[in-house]
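Open the model in your viewer and follow along. Each stop tells you what to select and what is there.

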Amino acid sequence: MITTEKISNVLSVEEFKESLGLFSEVQWIKLGKSAEYLCWGLGIEGSDLLHVAICKALEGKRKCPRGVSIEVFGYRAMESLVSAYLKKRPHDPIQLTVQP
């Protein structure tokens, strides 16, 4: 069970939405460029990564701690998604080239 102390340490979905609404064009560009950087060399687009990270936060699956900027939270969420993606893909070079 989650205590109210823990709940108060994170932004609610509504607070997160409000913070996103206050984003400037520069902040969106920075997040977009960060997403492109994190996807470099992978089979995913930066815009898709950013979209998934924001959707997970808006669904309440990822929680933004109070005191952490939305930009930093977004970057760390995208970084975590890329890490999970890399862990799931096959590591064996033969497995990558041979099609069953």
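**Stop one: the largest pocket**

The largest pocket holds about 180 Å³ of space. A pocket here is an open set of points on a 1 Å grid over the protein atoms alone, where a 1.4 Å probe fits and protein lies on both sides within 12 Å along at least five of seven lines. Its volume is the space filled by probe spheres set on the points, which are joined across faces, edges and corners.

This is a predicted model: local features need pLDDT of at least 70, side-chain atom pairs count only at pLDDT 80 or more, and totals for chains, interfaces and linings use all residues. Residues are numbered from 1 along each chain as its sequence is written, and side-chain values use heavy atoms, leaving out hydrogens and water.

**Stop two: the lining**

Select Ile 44, Asp 48, Leu 49, Val 52, Arg 62, Leu 81, Val 82, Ala 84, Tyr 85 and Lys 88. These residues line the pocket, each with an atom within 4 Å of a point. Two elements give two or more residues to this lining: α4 (46-58) and α5 (70-88). Which element gives the most? Color α5: it supplies five residues.

Now color by type. Seven lining residues are nonpolar (Ala, Val, Leu, Ile, Met, Phe, Trp, Tyr, Cys or Pro). Three are charged (Asp, Glu, Lys or Arg).

**Stop three: the whole protein**

Zoom out and show the cartoon. There are six helices and zero strands. Helices are DSSP runs of H or I with at least four residues; strands are E runs of at least two.

Finally, select the buried residues (under 20% relative accessible area, 1.4 Å probe, protein chains only). They make up 24% of the 100 residues.

How values were computed: Buried < 20%, exposed > 50% of the residue type's maximum accessible area, 1.4 Å probe, protein only.
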